[in-house]
Amino acid sequence: MKTISRHFYGDSEKTAFSISIVENMKEDYGLFVWPCSIVLAEYVWQHKLRFSGNNVVELGAGTCLPGLVAAKVGSNVTLTDDANRLEVLGLTWGVWDASIFSLHPKIILGADVLYDARAFDDLFATVTFLLQSNPGSVFITTYHNRSGHHLIEFLMVKWGLKCVKLLDGFSLLPSDKAARLSGNIQLAEIILNHEQIEETSSSGAR
């Protein structure tokens, strides 16, 4: 069954723009606007000046709400998802084909991409490659607490990353949007841990 969800952005006085998305939960989990996407899209809207004019890549985009909001506020956006089902740009995590080398993001977005522990290493390998290839870039992700902070922390250490911002997702939302969602959602900003990389390099040089 297909439904249409509508998402509005603006201040209390005026709507700046709205985005309508066709959802089809029966066909694919990726064809539904999950709460993490709503939180991340709101974060993009609230930080629109930071996004405007920058290259943005959304990983595991699905219905693409965060990426679409980024485009609306002036980002140059590339939407990616599993290469088997997307024609905009197929990017399968952990697969090093030509598509990943063509990306030069300042900001990498990922909403609810930490849902399958079997894919965590592939995801973090892809994120790490993009961060290393684009100095000064950042990975901004929203995830449910079901993902487990301890596992995410372990993976960040393993891949030489660190979290520089961790927020309660619901604290970002206007009350009317928060009232329609449930769960325990976190937003994290993740960058390369240069200190750890330097330590590893020094150890290898000895």
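**View 1. Cys64 in the loop between strand E3 and helix H3.** Cys64 is found in the loop that runs between strand E3 (55-59) and H3. Helices (H or I, at least four residues) and strands (E, at least two) are DSSP runs, numbered from the N terminus. This is a predicted model, in which local features need pLDDT of at least 70 and side-chain atom pairs count only at pLDDT 80 or more, while totals for chains, interfaces and linings use all residues. Residues are numbered from 1 along each chain as its sequence is written, and side-chain values use heavy atoms, with hydrogens and water left out. Cys64 has a positive phi, near 70 degrees, in a residue other than glycine. Most residues other than glycine have a negative phi. Cys64 is also buried, with a relative accessible area of 12%. Here buried means under 20% relative accessible area, exposed means over 50%, and partly exposed is in between (1.4 Å probe, protein chains only).

**View 2. Asp112, in the loop between E5 and helix H5.** Look for Asp112 in the loop between E5 and helix H5 (120-133). Its phi is positive, about 55 degrees, although Asp112 is not a glycine. Asp112 is buried, with a relative accessible area of 11%.

View 3. Helix H3 covers residues 65-72, and its buried residues are Leu65, Pro66, Gly67, Val69 and Ala70. An α-helix has 3.6 residues a turn, so residues three or four places apart point the same way. Leu65 touches His7, Tyr9, Ile19, Ile21, Val33, Ser37, Ile38 and Ala41, not counting residues up to four places away in sequence; contact means heavy atoms within 4.5 Å. After H3 comes Gly74, whose phi is positive, near 105 degrees.

**View 4. The largest nonpolar core, and a second one.** A nonpolar core is a set of buried Ala, Val, Leu, Ile, Met, Phe, Trp, Tyr and Cys residues joined through side-chain atoms within 4.5 Å. The largest has 30 residues, and those with the most contacts inside it are Phe51, Leu65, Val69, Leu109 and Ile140. Two or more residues each come from strand E2 (15-23), helix H1 (35-46), H3, strand E5 (107-111), E6 and E8. H1 gives the largest share of this core, eight residues. A second, separate core of 26 residues includes Ile108, Ile152, Leu161 and Ile190. In soluble globular proteins, nonpolar side chains tend to be buried together.

View 5. Seven of the eight residues of strand E8 (residues 185-192) are buried, so E8 is largely enclosed by the rest of the structure. Strand E6 (residues 138-144) runs antiparallel to E8, and six bridges join them; two strands pair if DSSP finds at least two bridges between them. In this pairing, Thr141 stands opposite Ala188 in E8. Strand E7 (residues 161-168) is also antiparallel to E8, joined to it by seven bridges. Here, Leu161 stands opposite Leu192 in E8.

**View 6. Phe17, Trp45 and the rings around them.** A search of the whole structure finds six aromatic pairs. Rings of Phe, Tyr and Trp (its six-membered ring) pair if their centres lie within 6.5 Å; planes under 30 degrees apart count as stacked, over 60 as edge-to-face and the rest as tilted. Phe17 and Trp45 form an edge-to-face pair, 5.5 Å centre to centre with 85 degrees between the planes. Phe17 lies in strand E2 and Trp45 in helix H1, so the pair ties together parts that are 28 residues apart in sequence. Both Phe17 and Trp45 are buried. Along with Tyr9, Phe17 and Trp45 form one aromatic cluster. Lys48 lies over the face of Trp45, at 3.9 Å from the ring centre, and Lys177 lies over the face of Tyr9, at 4.0 Å from the ring centre. A charge sits over a ring if NZ of Lys or CZ of Arg is within 6 Å of the ring centre and within 35 degrees of the ring normal.

**View 7. The ring pair Phe32 and Trp34.** The rings of Phe32 and Trp34 have their centres 4.7 Å apart and their planes at 65 degrees, so this pair is edge-to-face. Phe32 is partly exposed, with a relative accessible area of 28%, and Trp34 is partly exposed too, at 29%.
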